[in-house]
Amino acid sequence: MSCCPENSLPYLAPSYTVKGTIQAHSNGHEFYVSGDPTLKKAVLIIPDIYGWNGGRTRNIADYYADNGYYAIVPKILQPAMEGAVDGDGHADVPFNLQYTISITWEGCVQPRVQSMIEHLKSVGIEKAVMIGFCWGGWVLAHTLSDSEMSGLFVCGAVPHPSIQLEQAYGGKPVELLSRVTRPMLLMPAQNDSDSYREGGEWFEALLMNNPSSATIDFPTMTHGWVPRGDVSIPGMEAEVERALSSMLAFFKAHDI
């Protein structure tokens, strides 16, 4: 069992000059923020296992800020592995499942997501969407299946999902997705499970309660491409842009 499937893309160092700032909740939970909260709508971006400043994660937050959303990225994979960028998540070393599953929903993730929800409400956000990359998709599924946490959110999107990680915690992805109460857009890469595609067991479970959910296949891309694909590779930049614009279109189709 792994968070990412075999032959997924490696770590990508951040090289982007950000537009936003670092802020903190009153309880000390930090987050990157970009955009204008007076627009009343937000996107909460849950990063992959490389944390809140891995690859182009903050660049993506700025993209959605430029498109009219108040965008935040929490520092959420705590405690971080030694050597992790900006003190969050997995270091640039071979994948360590034991580290990843030490980051539990109840003990680590849920309190930090709750802090982000509280912040969004405190600045006047009236409705929001979620994006979860890879590991972040597992977080998104838990958030949108929690009746007390999902209320602010209209829908969510998961490029190269790793919701199968639920199995490492003793659960079943099909059961988790059947509990989700908001529409989701799944965007599997060529090496992601077919369960995320049309007719797949996990996508069908999601559709049961959320018939406006969708899945878009990216058959030429490899798991991890959106935040950490090398855009010098021919075709990569275009597929990153297609993923970002597809999520934006899905959000707008759900009136946000």
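Predicted model: local features only at pLDDT ≥ 70, side-chain atom pairs only at ≥ 80, totals over all residues.
1. Let's start with the helix in the question.

2. Eight strands make up an open sheet with mixed pairing, and their order is β1-β2-β4-β3-β5-β6-β7-β8. The edges belong to β1 and β8; each has a single partner strand, so one side of each is left without a neighbour in the sheet.

3. Strand β1 (residues 21-24) and strand β2 (residues 30-34) run antiparallel and are joined by four bridges. Within this pair, Ala 24 is placed opposite Glu 30 of β2. Five residues separate the two strands of the hairpin, and in the turn Gly 28 has a positive phi of about 95 degrees.

4. Strand β3 (residues 41-46) and strand β5 (residues 127-132) run parallel, with six bridges between them. Here Ala 42 stands opposite Ala 128 in β5. As background, strands of a sheet pair through backbone hydrogen bonds, whether parallel or antiparallel.

5. Another helix to find is α1, residues 57-66, which lies across β1, β2, β3, β4 (70-74) and β5. Its direction is at about 45 degrees to β2.

6. Is Ser 213 buried or exposed? Ser 213 sits in the loop between α6 (201-209) and β8 (214-215). Its relative accessible area is 8%, under the 20% limit, so Ser 213 counts as buried. A polar atom of the Ser 213 side chain lies 3.0 Å from the backbone nitrogen of Met 184. Leaving aside residues up to four places away in sequence, Ser 213 touches Pro 183, Met 184, Phe 203, Leu 206, Leu 207 and Phe 250.

7. Why does Glu 148 count as exposed? Its relative accessibility is 74%, and exposed means over 50%, so Glu 148 qualifies. You will find Glu 148 in the loop between α4 (135-144) and β6 (153-159). Glu 148 and Gln 114 are 34 residues apart along the chain, and their C-alpha atoms are separated by 9.7 Å.

Definitions and conventions:
Residues numbered from 1 in each chain as written. Heavy atoms only, no water. Buried < 20%, exposed > 50% of the residue type's maximum accessible area, 1.4 Å probe, protein only. Pairing = 2+ DSSP bridges. Polar contact = N/O pair within 3.5 Å; in protein donor to acceptor, adjacent residues only side chain to side chain. Contact = heavy atoms within 4.5 Å. Axes fitted to C-alpha atoms, helices over the stretch in contact; angles between N-to-C directions.
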